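Student: I would like to take a close look at a single part of this model, namely the site of the ligand.

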Amino acid sequence: MKIGFIGLGNMGLPMAENLQKAGYEVTGFDINKNINTVIKISNSFENFLIDNDVLFTMLPSGKEVSAVYKEIVEKSISSRIMIDCSTIDIKSTHSIAELAKKHRLQTLDAPVSGGVVGAKDGTLTFMVGGDQKAFEKVKPLFEIMGKKAIYCGKSGSGQAAKMCNNMILGISMIGVSEAFTLAEKIGLDFEKLFEVSSNSSGSCWALNTYSPAPGIGPKTPADNNYEPGFSSDLMLKDLSLAQNAAEQTNSHTPLGLHAMQIYEELMKEGGQGKDFSYVLPVFSKKSRN
Ligand code: NAD
């Protein structure tokens, strides 16, 4: 099975390299021509498209994925599975799936959780939407790049799972940061709050494994000056995708909306390019009103 990988950024490159390490023939393509890698890079998009059985995309947003898919189908490359691992809006996912279907191409939406470390270590979680038979066929590839691949249902379900998961994550990171902010003001030792809550009903991933307080719990971006990790910019993108979907479906998600607004503010308060746990130092500097 020959694999093409489009989008060799922070996530795509280590994912593609892991596939090659596992013995697959991988060719990469990116508009950035200065990529330092062991995998073969194609300089021509047309040549790149000719002989790959499976095509992965790992691109910034729906705009880039739609443009790339349009080019692929225009070049009439058929009989292959195209897997989009980017986090994008459900509307774009549906339209690229429709477009591909017209050209007898199969698509799966397969966004990931686990960040850059998960991509490097091959421990990502894939949430996958689309045809189940296509999912079963390419599952071994997900198992190389990740620790778990979950089939979520029809096309778009992978993106739906991703945005719901990240809405939980954004809200819970804000909740954990509020608890540390209050603890500081009322004189409760951070270590004690961590010890109690990580073993009590306040326990959650944002606290137990990704504490926003430096020196508390396992090593996290907070211990490295809030270098990402998972950036506030990407969290804002995911919360905005969730709010677009909530608006389109008239869903009541008040905390998701507020979380998005908090990350919008964070961008103006030094959060751009910082890890999404940077919400704690910003909160701890603020007063109540
Ligand atoms: P990135 O910006 O590092 O990489 C994107 C790559 O796509 C870049 O190398 C860029 O040159 C390339 N690219 C852009 N347009 C292109 C085109 N038309 N043709 C070919 N290449 C093109 O982004 P990333 O951090 O790797 O994230 C990729 C996707 O994964 C995003 O949708 C993001 O939301 C999602 N994601 C990221 C993380 C994370 O922690 N970084 C975690 C989970 C999901």
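How many residues surround the ligand, and which are the closest?

Tutor: The model is predicted, so local features need pLDDT of at least 70 and side-chain atom pairs count only at pLDDT 80 or more, while totals for chains, interfaces and linings use all residues. Residues are numbered from 1 along each chain as its sequence is written, and side-chain values use heavy atoms, with hydrogens and water left out.

The ligand is surrounded by 24 residues, the closest being Asn-10, Met-11, Asp-30, Leu-59 and Lys-237; a residue counts if one of its heavy atoms lies within 4 Å of the molecule. By class, this shell holds 12 nonpolar, 8 polar and 4 charged residues (Ala, Val, Leu, Ile, Met, Phe, Trp, Tyr, Cys and Pro are nonpolar; Asp, Glu, Lys and Arg are charged; the others, Gly among them, are polar). Domain 1 (2–154) and domain 2 (160–284) each give at least three residues to the shell, their bounds coming from an automatic or database domain assignment.

Several N and O atoms of the protein face the ligand. An oxygen atom of the ligand is 2.9 Å from a polar backbone atom of Leu-59, and an oxygen atom of the ligand is also 2.9 Å from an N or O atom in the side chain of Lys-237. For Ile-31, a polar backbone atom is 3.5 Å from a nitrogen atom of the ligand. Taken alone, the ligand exposes 840 Å², of which the protein buries 84% (Shrake-Rupley method, 1.4 Å probe). Helix 3 (62–74), helix 5 (115–121) and helix 10 (232–248) are the elements that give two or more residues to the shell; helices are DSSP runs of H or I with at least four residues, numbered from the N terminus.

Terms used. Polar contact = N/O pair within 3.5 Å; in protein donor to acceptor, adjacent residues only side chain to side chain.
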